[in-house]
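This report describes how the parts of one protein chain pack together. Look over the sequence and the structure first, then read the sections in order.

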Amino acid sequence: MAQDGEVVIIMGVSGCGKSTVGRAFAAAAGFTFHDADDLHPVSNIEKMKNGQPLSDEDRLPWLQALVDLMDRSCLAGENIVLACSALKNRYRDTLSSGVSSPRYVFLDGSAALIEARLRGREGHFMPGSLLKSQFDALEVPEVAERVSIDQPVDAIAQEISRRLWPAGR
């Protein structure tokens, strides 16, 4: 099957700015934004709300739903940005198993910076107490654009554009 759409996955630990940066980047690039958190089953959300990290088994149906979303979008010719933790290599392998051939952007920041951001975040189901488990699970991707989060959101979005499309889009 031919792939007509493009997928960019903005990834990293909870609190690194995936959704905020993803929305800004998608708006600037003219892509549609999707937040992977919106596809978590209720059981996963409840587990995280209760301070329990998800197991690989918990994540599998969620990852497959994301692959399905990316494939549908690409086959329809839609360009999308997906904010998704994608912490482990095997998760990224699953996400890359469909027709979409996503490109990855890793939002990189220190634990201290991200912890400070999490303390100021309201209304999210992921508690700051799980940040350590996120860093413990993180396998820094070898094939991704690595962008520092220690700059304003618009600057991060512009840097992502420059790195993905050095000659312009």
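## Aromatic rings

Rings of Phe, Tyr and Trp, the last by its six-membered ring, count as a pair if their centres lie within 6.5 Å. The model is a predicted one. In the whole structure, 3 aromatic pairs are found. Ring pairs join F25, F31 and W165 into a cluster.

## Helix α1

F25 is one of the buried residues of helix α1, a helix that covers residues 18-29. Its 12 residues reach 16 Å from the first C-alpha to the last, close to the 16 Å expected at 1.5 Å a residue. After α1 comes G30, with a positive phi near 75°.

Along with F25, the buried residues of α1 are K18, S19, V21, G22, A24, A26 and A29. Their cover includes the strands β1 (7-11), β2 (32-35), β3 (80-83) and β4 (103-108), and also helix α7 (153-164).

## The nonpolar core

Which residues of the largest nonpolar core touch the most other members? They are I9, F25, C84, L95, L107 and I160, in a core of 44 residues. At least two core residues come from each of β1, α1, α3 (56-75), β3, α4 (89-95), β4, α5 (111-119) and α7. The most come from α3, which gives 7.

## Strand β1 and I9

How many of the residues of β1 are buried? The count is 5 of 5, so by the cut-off of under 20% relative accessible area the strand is mostly covered. Both of its faces are covered: V7, I9 and M11 are buried on one side, and V8 and I10 are buried on the other.

β1 pairs with β3 in the parallel sense over 4 bridges, and β1 also runs parallel to β4, joined to it by 4 bridges. I9 has a partner in each of these two strands: L82 is its bridge partner in β3, and Y104 stands opposite I9 in β4. Leaving aside neighbours within four places in sequence, I9 is in contact with both L82 and Y104, and with M70, C84, L95, P102, R103 and V105.

## Helix α3

Helix α3 has 20 residues and reaches 28 Å from its first C-alpha to its last, close to the 28 Å expected at 1.5 Å a residue. Just after this helix, G77 takes a positive phi of about 80°.

The buried residues of α3 are D58, R59, W62, L63, L66, V67, L69, M70, D71, S73 and C74. They pack against the strands β1, β2 and β3 and against the helices α2 (42-49), α4 and α6 (131-137). M70, in this buried set, is also among the contacts of I9.

A search of the whole structure finds 0 disulfides. A disulfide needs two cysteine sulfur atoms within 2.5 Å. C74 is also buried, with a relative accessible area of 0%.

C84 is in no disulfide either, and the nearest cysteine sulfur to its own, that of C16, is 11 Å away. C84 is buried too, with a relative accessible area of 1%. This cysteine is one of the core residues that touch the most other members.

Technical notes: Residues numbered from 1 in each chain as written. Predicted model: local features only at pLDDT ≥ 70, side-chain atom pairs only at ≥ 80, totals over all residues. Heavy atoms only, no water. Phe/Tyr/Trp six-rings, centres within 6.5 Å; stacked < 30°, edge-to-face > 60°. Expected span 1.5 Å × (residues − 1). Buried < 20%, exposed > 50% of the residue type's maximum accessible area, 1.4 Å probe, protein only. Contact = heavy atoms within 4.5 Å. Core = buried A, V, L, I, M, F, W, Y, C linked by side-chain atoms within 4.5 Å. Pairing = 2+ DSSP bridges.
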